[in-house]
Amino acid sequence: MLIAIILALVVAGSILFHVLSPWWFTPIASNWGYIDDTINLTFWITGAVFAAVVLFMAYCVWRFRHRPGHRAAYEPENKRLETWLAVVTGVGVAAMLAPGLVVWGQYITVPAGAASVEVVGQQWQWAYRLPGKDGRLGVADTRAVSAENPIGIDPNDPAGQDDIVVQGGEIHLPVGKPVALLLRSVDAVHNFFVPEFRAKMDMIPGSVTYYWVTPTRTGTFEVLCAELCGVGHPYMRGTVVVEAEADYQAWLDQQQTFKQLTTPATTSALETRAGARPPL
Amino acid sequence: MVDLTHGGDGHAAGHAGELELYHPTSWVTKYVFSQDAKVIAIQYGTTAMAIGLVALVLSWLMRIQLAYPGALPFIDADRYYQFITMHGMIMVVYLLTAVFLGGFGNYLIPLMLGARDMMFPYLNMLSYWIYLLAVLVLAAGFFVPGGPTGAGWTLYPPQAILANTPGQQWGIIIMLVSLMLFIIGFTMGGLNYVVTVLQGRTKGMTLMRMPLTVWGIFTATVMALLAFPALFVGAVMMLFDRLFGTSFFMPSIIAMGEPLDTAGGSPILFQHLFWFFGHPEVYIVALPAFGIVSDLISTHARKNIFGYRMMVWAIVIIGALSFVVWAHHMYVSGMNPGFGFFFATTTLIIAVPTALKVYNWVLTLWRGDIHFTVPMLFALGFIVTFVNGGLTGLFLGNVVVDVPLSDTMFVVAHFHMVMGVAPILVIFGAIYHWYPKMTGRMLNDAMGKIHFWVTFLGAYAVFFPMHYLGLLGVPRRYFESGDISFVPPSAHTLNEFMTIAALIVGAAQMLFLFNLVWSLRHGKPSGGNPWGATTLEWQTPETPPPHGNWGAERPVVYRWAYDYSVPGMAKDFLAQNDPGPGAAAAAPVGEGAR
Amino acid sequence: MSVILVFLLAVVIVVFAWLVRQGLFSKPWLEVGVAGGVPIVEPSAPKAARVGLAVFLVVVGSLFALTVSAYLMRAGLGDWRPVRLPGILYVNTFTLLVSSLALETARTGARRGDFDSVRTGLIAGGFTALLFLVGQLVAWRQLNEEGYYLASNPANAFFYLVTALHGVHVAGGLVALGRVTGRMLRGAGVAALRTGVGLCATYWHALLLIWLVLLGLLTSWIGDFILICRQLLS
């Protein structure tokens with residue numbers, strides 16, 4: 001008796017918790033609203049199944065509790081019922097899977113014309129690299145890493161000389177433009193995760209992974225590392241600033257190229273534009 | 001290749017049909033170096049519970065750190081990650097796998113099949129002692145310089161062997177060696193379980209008459225035998241990387257400003273090997289739980305399990321399919337993203353047979369005669385938590401939905417619900433169910449009910465709200481998460497709530513342990529078959545069954561395992577070895593009789 | 001991971017075929033009586049040991065299939081420089097073949113009740129297997145002298161790993177073979193040795209087969225073969 005009531009209360013409590021929970025997605029700031037939609041769809045379907053199964057069970061527990069003289073029925077199987085349940089379950093599963101696969105197809109297909117931003121993870125900080133005027137990123141390799149060249153750009157590759165290097169964990173992105181994030185790591189596995197973007201991917205030392213995103217609203221968002229990368233893992237934070245195109249250009253103009261960063265300080269002072277920050 | 005030739009010689013002739021049992025001659029060979037599967041089962045069970053207790057304490061410490069950062073000054077980031085690693089590994093491998101297969105497998109397979117013992121008793125004994133050695137080696141990790149490894153239970157390279165990871169010096173080596181020992185020991189036991197099911201069944205015990213418990217344990221064992229080698233290979237290779245500086249998994253790396261000598265290795269390769277073991281491992285734990293819970297529900301609802309054939313097929317199909325879903329743990333790992341389509345599809349397909357099992361448990365309750373015994377309560381608790389955890393699996397299995405949720409607390413909540421809480425509720429239910437057979441006494445009912453309610457509701461209160469932290473975006477494996485910009489202060493209150501609930505649930509386990517010991521002496525004498533169950537283990541001539549189980553003659557099986565409340569019978573159950581009324585006329589009935 | 005998947009597919013097919021024969025589709029609640037429609041296998045120690053060995057060999061197969069999978073995946077990455085195999089490997093292969101044949105002689109001898117061929121087979125088999133292990137160690141030494149160090153290239157590392165894994169299995173087999181030989185030397189008759197000799201022979205054949213596959217892998221014959229097949233198909 002008691003257990004039937006408590007089972008029903010568990011369902012009611014879970015639904016209430018879901019409805020009243022102040023802990024929910026952060027407000028989305030990217031094009032991946034589809035992912036939220038798929039999650040919501042999944043919530044509806046699974047929530048209904050959970051409530052149905054547990055409430056039905058609670059009913060059975062109450063209705064068929066042991067009483068003197070009561071005897072169970074004898075029913076080894078019921079093929080029709082089982083087939084029917086299998087089909088309904090299959091349809092429900094397909095209803096969740098199909099949109100999921102479609103959206104996954106979009107997630108892994110970078111649209112033509114997306115800008116590239118390289119993100120480099122190292123214990124326990126972020127660095128970024130943008131293509132310079134030539135629009136291409138130079139070759140990079142972990143073996144080229146040194147104190148002056150912390151993200152390992154190949155100094156012999158001409159394409160890399162004008163790459164813009166951003167140290168210090170803050171990256172700016174223009175609003176409304178698709179950007180492909182090329183992910184690289186020089187030590188452990190990291191993961192570049194901005195909850196408001198809904199997207200993430202591990203960064204594996206020795207290879208380049210990617211995902212893409214179109215920021216849809218301006219603001220400042222926190223970057224978290226989402227893959228255990230050592231004891232400093234929780235402190236591996238960064239900032240993404242999404243801003244209007246003009247603001248973005250202003251920020252971009254202040255950044256330094258690889259060449260500027262690696263040329264000895266005396267010459268670089270001559271070459272540096274007024275207002276630019278000194279090399280880090 | 002240990003000793004398969006033993007037992008295969010000499011006494012083949014002369015003992016037609018029956019294996020010769022070894023005869024213990026002293027207290028030591030009877031209770032310590034015993035070759036009796038029932039003693040080995042209890043040894044497995046107690047060892048697993050002892051190391052599980054360590055893991056429980058670790059979980060308290062972690063929960064306290066999460067809710068009250070800094071409250072326990074000895075928990076720094078290093079310690080926290082060591083705790084997380086050891087907690088995970090102990091719970092998944094050394095507790096759950098060992099209890100279900102080493103514990104219940106050893107106790108129940110021979111008894112339920114009407115065998116006198118396992119087919120290779122000596123190997124079986126060896127299996128336990130190697131397991132014990134593996135546990136001791138693992139525990140030694142706490143005492144070596146640098147402590148146990150803090151790489152996370154997945155032991156992902158390169159981080160697992162980087163110099164600034166806690167336990168890099170000794171801990172990781174100890175962990176890998178312990179796992180290899182565990183696998184060797186398990187293989188010895190696993191061969192036994194499989195061969196006993198294949199060869200040791202008594203007369204009349206066809207495969208389709210086996211209780212679902214045996215089906216679950218059998219299938220899980222086959223899977224474990226095939227999947228554990230993946231972990232073994234991965235562990236050997238990582239050990240090479242750590243000790244000899246090879247580059248199986250190690251790419252070019254800058255560690256603390258200095259380049260390492262390694263180059264070209266693939267961290268993803270390890271992840272493939274790990275999850276090729278790791279995913280079947282989930283079902284290695286789940287399938288025995290499925291089987292046991294089916295028998296608990298059927299017995300305590302006095303009704304045959306609904307859709308027995310479907311249940312068997314589902315177990316076998318889940319077992320086979322679980323080998324082609326491993327990469328759903330790696331959707332955002334940087335593997336070829338095209339794999340996501342395949343693995344999402346297989347993962348969601350596996351939901352169908354799993355769902356059918358759930359329906360059949362609930363439909364077994366329908367028109368049953370439900371006794372609210374403690375095992376039944378635990379079975380009901382299992383269904384609730386398993387359905388909950390299984391459904392959140394549909395989120396994480398559906399590749400794109402996994403993207404925002406993976407590596408967040410949602411994942412932690414999901415797998416604790418589905419392969420932590422749910423199987424452990426089954427373990428408890430099974431212990432309350434079979435304790436009378438093991439000891440001849442019932443466990444105390446009042447303590448059992450308190451234990452159930454606190455554990456079930458408490459664990460649900462810990463892990464259900466945890467999903468919502470994950471939705472918010474709180475990552476898992478954060479030593480502290482207080483200062484994340486989007487996390488509201490209310491989340492901290494929630495953390496405190498979960499911690500308090502976890503401490504209460506943990507305390508309830510002490511009551512359970514007390515009950516186990518107390519009832520040894522003070523429990524109500526149970527008799528041979530207190531639940532009125534049909535399966536063979538309840539029909540032994542003596543309780544607890546002595547070595548050899550069956551007295552002079554092994555039982556003969558006349559019917560399937562679920563003849564409860566058969567129409568026209570006075571009793572509400574017919575034991576499997578009960579020829580039934582008009583025994584002489586009980587010839588096999590054809591299909592048309594339906 | 002395709003190798004292990006193919007291996008598992010084969011296992012799954014065998015298991016399903018067997019299950020179907022065991023009445024997987026029968027309705028057990030309708031069948032009351034002793035037999036239940038399926039013949040009962042009475043347990044016997046030799047049979048159980050043979051089944052046990054078969055299951056164990058599947059586990060060993062899984063271990064090596066996974067190793068080969070890892071090998072192929074790692075070999076696909078850029079820095080792989082194949083090992084120039086020492087010639088002694090082919091001698092070792094021949095030794096293992098002889099060892100396997102010797103044990104087969106012992107097995108057929110045991111069936112016929114011919115004690116002499118059992119003794120010859122066991123001793124020759126054990127000796128040649130030992131020789132194989134020594135030969136593998138010589139191969140390791142030669143490679144080391146030629147500068148193929150364990151850590152200098154993944155191809156070398158895999159060579160040592162694969163041969164070590166295989167060698168450990170041979171060594172384990174030698175322990176079992178040693179026990180059987182020991183019983184023989186203590187005067188056990190042919191009948192008492194039959195099961196043990198048979199099991200050892202089966203195990204030896206399996207290890208020979210695995211070694212041939214590994215050799216094909218290390219010499220990249222298998223790789224070339226797959227490449228040719230692909231070209232023919234496309």
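1. The model is predicted. Chain A holds seven helices and 11 strands. Its radius of gyration is 27 Å, well over the 19 Å that the globule rule gives for 280 residues, so chain A is more spread out than a compact globule.

2. The extents can be set beside that value. The C-alpha trace of chain A spans about 100 × 35 × 35 Å along its principal axes.

3. Burial and contacts come next. Of the 280 residues of chain A, 40% count as buried. Take the contacts in chain A with a separation of 6 or more: residues 24 or more positions apart account for 69% of them.

4. Now the sheet. Five strands of chain A make up an open sheet, ordered β4-β10-β9-β6-β7, with mixed pairing. The edges belong to β4 (170-174) and β7 (202-203) of chain A. Each has a single partner strand, so one side of each is left without a neighbour in the sheet.

5. Strands β9 (residues 219-225) and β10 (residues 237-243) of chain A run antiparallel and are joined by six bridges. Within this pair, Glu222(A) has Thr239(A) of β10(A) as its bridge partner.

6. A helix packs on this sheet: α5 (residues 245-253) of chain A. Helix α5 touches β4 and β10 of chain A. Its direction makes about 140° with that of β4(A).

Definitions and conventions. Residues numbered from 1 in each chain as written. Chains lettered and ligands numbered in written order. Predicted model: local features only at pLDDT ≥ 70, side-chain atom pairs only at ≥ 80, totals over all residues. Helix = DSSP H or I, 4+ residues; strand = E, 2+ residues; numbered from the N terminus. Rg over C-alpha atoms; globule rule 2.2 N^0.38 Å. Buried ≥ 20, exposed ≤ 12 C-beta atoms within 10 Å, placed from the backbone. Contact = placed C-beta atoms within 7 Å. Pairing = 2+ DSSP bridges. Axes fitted to C-alpha atoms, helices over the stretch in contact; angles between N-to-C directions.
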